[in-house]
Amino acid sequence: MMTEPTMMTTLRHALARPWIPPEYGRLQYLWLLSLGYLFWKFGYVTPGALEAALLALTLVVFVALYCFSFWARGWQVHACVAAGCLLGALWARWNPGAACFFIFACAMCARIPRPGHAVGGMLAVLAGGVAASFLVSGPMQMVFLLPLLLVGLPVGLSTLMDQRLRDSRARLTRKQEEVEHMARIAERERISRDLHDLLGHSLSTIALKAELAGKLARRDLDACEREIADIEASARNALAEVRAAVTGYRESGLAQALASARASLLAAEVVLDERVERLDLAPAVEHVVALAVREAVTNIVRHARASRCTLSLSREDGHAVLRVHDDGRLRDTDEIRRGNGLAGMQERVAALGGRMKLAAGDGLALELQVPVGAAA
């Protein structure tokens, strides 16, 4: 059995909670002022003690019913509508202001899930109000009917439109959360692919050289030392690539990639001919183009033995087109080895609906085309 302090605590907690869901705002409380229509009668008729007590009790019950209707779901909504109509019918004979209960019931119908059923419920409430009006005698019948017929349906329909708008916003919010979740998953997959591209080859090489060094340790110390030195160099190179990748995650913009490319080519004494247009690229496209610039320049600096590089970025037929050409040692496409870097670049470009091609002749030429507005 619940003790009195416990009951008081429970009551305080219940009163402290929002009576109406916060997303509906405080305006919904102001609509309760419409109940003042019940009191206009007392401007010329003095209520008895019993009538005043019953009206006060009715208002307490209705305010609780009104607040609960915002939390109601399924059959509970229909029960709230029926209860509102019942209160209106019970008071119709004694107070023509009871028409406001039917108007509130029309508004409650807006929370019926299907719009067609909601409008049908409003019409049923109006029909019930018209039937209740026959309990009102004399000219007071029009005082009861006019507000109901003039205000009931417009209030119900406006509440229905507001409810549909809230539902649409809620669905949109859920969709946005799903998109953000999928974007996080795609970003994790991208990072894992990038790290695989960076470390897969290096770690495989280190493992093979370590195995070879172990075999040479007892037979040829000089060769073993060379292999260990190669292991150290490979490890340092892999570490540098990881650091560069982390820097790329933090500053993966195209401007940063171009600045890094200029610095790398200058340090390698490669003359750069840069022709880059200002393009408004989607973030996913900019990221892919930036990574392609990094990969292409890295290959030029490390492998091409080039003296000149031409880099251009332009917009052609709705595509961002990146072209990188060097005058390095490659003279035939058979000499191109598509490693993890090129394979990863090909996957990223294909994921955005673009294409990438390599050609060797007077050096190596890379061309990449990605739709400007493509999204990840």
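Predicted model: local features only at pLDDT ≥ 70, side-chain atom pairs only at ≥ 80, totals over all residues.
# Notebook: salt bridges, rings, helices and strands

I began with R236, which counts as exposed at 58% relative accessibility. Which residue does R236 form a salt bridge with? I found E232, with the closest N and O atoms 3.2 Å apart. E232 counts as partly exposed, at 44% relative accessibility. Both belong to helix α8 (residues 221-250), and because they are four residues apart there, about one helical turn separates them.

I then looked up R166 and saw a salt bridge to D162, where the closest N and O atoms are 2.8 Å apart. These two are also four residues apart, in helix α7 (residues 140-216), so about one helical turn lies between them. Buried or exposed, where does R166 fall? R166 is buried, with a relative accessible area of 17%, while D162 is partly exposed at 30%. My search of the whole structure gave eight salt bridges.

Next I turned to strands β2 (residues 308-316) and β3 (residues 319-326), which pair in the antiparallel sense over eight bridges. Two residues sit between the strands of this hairpin, and D317 takes a positive phi near 55°. Opposite S312 I found R323 of β3. R323 also forms a salt bridge with E316, the closest N and O atoms being 3.1 Å apart. I noted R323 as partly exposed at 29% relative accessibility and E316 as partly exposed at 30%. A network of salt bridges links E316, R323 and E367.
β3 has another partner: β3 and strand β5 (residues 363-371) pair in the antiparallel sense over seven bridges. There, H319 stands opposite P371 in β5.

F62 sits in helix α3 (residues 49-71) and F104 in helix α5 (residues 99-108), so the pair ties together parts 42 residues apart in sequence. F62 and F104 are both buried.
The rings of Y66 and F104 have centres 5.4 Å apart and planes at 80°, so they are edge-to-face too. Y66 lies in helix α3 and F104 in helix α5, so this pair ties together parts 38 residues apart in sequence. Y66 counts as buried at 5% relative accessibility, and F104 has a relative accessible area of 8%. I listed one aromatic cluster formed by Y24, F62, Y66, F70, F101 and F104. Over the ring of F70 sits the charged end of R111, 4.1 Å from its centre.

Helix α4 (residues 75-92) has 18 residues and reaches 26 Å from its first C-alpha to its last, close to the 26 Å expected. Its buried residues include V77, C80, V81, G84 and W91.
Helix α10 (residues 283-304) has 22 residues and reaches 30 Å, close to the 32 Å expected. Among its buried residues I noted V285, H287, V293 and I300. R305 follows α10, with a positive phi near 55°.

Conventions: Residues numbered from 1 in each chain as written. Heavy atoms only, no water. Pairing = 2+ DSSP bridges. Expected span 1.5 Å × (residues − 1). Buried < 20%, exposed > 50% of the residue type's maximum accessible area, 1.4 Å probe, protein only. Phe/Tyr/Trp six-rings, centres within 6.5 Å; stacked < 30°, edge-to-face > 60°. Lys NZ or Arg CZ within 6 Å of the ring centre and 35° of its normal. Salt bridge = Lys/Arg side-chain N within 4 Å of Asp/Glu carboxyl O.
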